[in-house]
Amino acid sequence: MGAMDAGTSVLLVDDDEGLLELLGAALERQGFHLTLAATQAQALRLLETIAFDAVVCDVCLDGGADGADVLEAARRLHPQTVVLLITGYRQAWDVNRAVAALKGGALDYLQKPIDPETLGATIRGALREARLHARDGHLEFMELVDILSEMVANSIERVDPYTAGHGERTRKYCRILAERCGLETTVTERLELAAIAHDYGKIYLDDLGFLTKKGPLTADEYRAVQEHPSLGASKLGGHSQLKEVCHYVAEHHERWDGSGYPHRLAGEQISLPGRILGVVEVFDSLATRRSYKDVWKLPKTTEFLGAQRGKAFDPEVCNLFLDLLGEHGQEWMRAPQEDLRAVGLECRA
Ligand SMILES: [Fe+2]
């Protein structure tokens, strides 16, 4: 339980009263203060008088009422309230609905069955995001580093512990490569922030099991995966200092030859920081065991990156990165395993 849970008020809305009691009790045990509502009318009455820190609402309430009305009322009456929506069992996941819910002001979208621990972590994450969005004053670079690192640690790395340290390593290699590319300090700092948070949008894929899925994705799953750069950028987009950071996050899967996603940008249509992040992020993913692949060795990795020079990657950026791998390659290939050991996970090479 984090310190922020103490006194965090949550309105939980679900027509399944058994589930409502069960989830409510589990969240109480995590330190949240719960108010329960079994109907939309009840929820709307409560929202007329009480400003909750967070509202968690089933989107298909009894009687055909749509949870979107609760979302709308919460946004109108209490703009600072964080709203999370949940869908019914076996209801098809729909990224468009998730995006529509986000545009309507929901901060997250979960699918039943709901694990109380995950729900608690999601509420805490959403409250952190809301605080970032609400802070319109100037934040120092290291404050932003801390906020984004915490958001990533409590989302993607919590769901898939094997990604531990990926953002931080990507940040370090991006900084060194940016120096070689001659980027100025302010741009390099924005790139570092984008490196930390580049896969933040993947938390939306959690309910689909993508993050930990073994084997190849289906065509539908792959299409959904392609949403993660835009979702990440939109989730981080509330603070004026993160404008360019979000731009780089959105670009991290674009490719030099136009074969990337989501917008199939090519060449210098992709910003230089976006091109740097693209090659570095691929390198660290290859050096890391993922649910769908084992760790690659250095010779295979450099051969792959070299072959993608002028295809996936900007040839000049790629050459400078290959130079860096000549100097640091062995150390950087070992880094993911060392980070995993630091969090108590062993990685099979
Ligand atoms: Fe990604």
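## Helix packing and a buried strand in a predicted model

The protein has 15 helices and five strands. The model is predicted. Of the 349 residues in the protein, 40% are buried. Among contacts with a separation of 6 or more, 68% join residues 24 or more positions apart.

### Helix pairs

| Helix pair | Angle between axes | Distance between axes |
|---|---|---|
| α8 (residues 166-181) and α15 (residues 315-342) | about 150° | 10 Å |
| α5 (residues 116-134) and α6 (residues 141-153) | about 155° | 10 Å |
| α8 and α13 (residues 272-286) | roughly 130° | within 9 Å |

Angles over 145 degrees count as roughly antiparallel. With an angle of about 150°, α8 and α15 are therefore roughly antiparallel to each other. Their crossing is right-handed. On the α8 side, the contact is made by R169, Y173, I176, L177, R180 and C181. These residues meet V317, L320, F321, L324, W332, A335 and P336 of α15. By class, the contact of α8 with α15 has 11 nonpolar residues, two charged ones and no polar ones.

Helix α8 also packs against α13, and here the angle is roughly 130°. The two helices, α8 and α13, are therefore oblique to each other. The crossing of α8 and α13 is right-handed. From α8, the residues in this contact are H166, R169, T170, Y173, C174, L177, A178 and C181. Their counterparts in α13 are L272, I276, L277, V280, E281 and D284. The contact of α8 with α13 divides into nine nonpolar, two polar and three charged residues. R169, Y173, L177 and C181 of α8 take part in the contact with α15 and also in the contact with α13.

The remaining pair is α5 and α6, whose axes lie 10 Å apart at an angle of about 155°. Helices α5 and α6 are therefore roughly antiparallel to each other. Their crossing is left-handed. G125, R128, E129 and L132 of α5 make the contact with I147, E150 and M151 of α6. Three of the residues in the contact of α5 with α6 are nonpolar, one is polar and three are charged.

### Strand β4

Strand β4 spans residues 82-87, and six of its six residues are buried, so the strand is largely enclosed by the rest of the structure. V82, L84 and I86 point one way from β4. V83, L85 and T87 point the other way, and the residues of both sets are buried. Strand β3 (residues 54-58) pairs with β4 in the parallel sense, over five bridges. C57 has L85 of β4 as its bridge partner.

### V245 in helix α12

V245 lies in helix α12, which covers residues 243-251. A residue counts as buried if 20 or more other C-beta atoms lie within 10 Å of its own. V245 has 26 C-beta neighbours inside 10 Å, so V245 is buried. V245 and L191 are 54 residues apart in sequence, yet their C-alpha atoms are 6.4 Å apart in space. When neighbours within four places in sequence are left aside, V245 is in contact with R190, L193, A194 and L236.

Terms used: Residues numbered from 1 in each chain as written. Predicted model: local features only at pLDDT ≥ 70, side-chain atom pairs only at ≥ 80, totals over all residues. Axes fitted to C-alpha atoms, helices over the stretch in contact; angles between N-to-C directions. Helix = DSSP H or I, 4+ residues; strand = E, 2+ residues; numbered from the N terminus. Parallel < 35°, antiparallel > 145°, perpendicular 65-115°, else oblique. Left-handed = near helix turned anticlockwise from the far one by under 90°. Contact = placed C-beta atoms within 7 Å. Nonpolar A, V, L, I, M, F, W, Y, C, P; charged D, E, K, R; others polar. Buried ≥ 20, exposed ≤ 12 C-beta atoms within 10 Å, placed from the backbone. Pairing = 2+ DSSP bridges.
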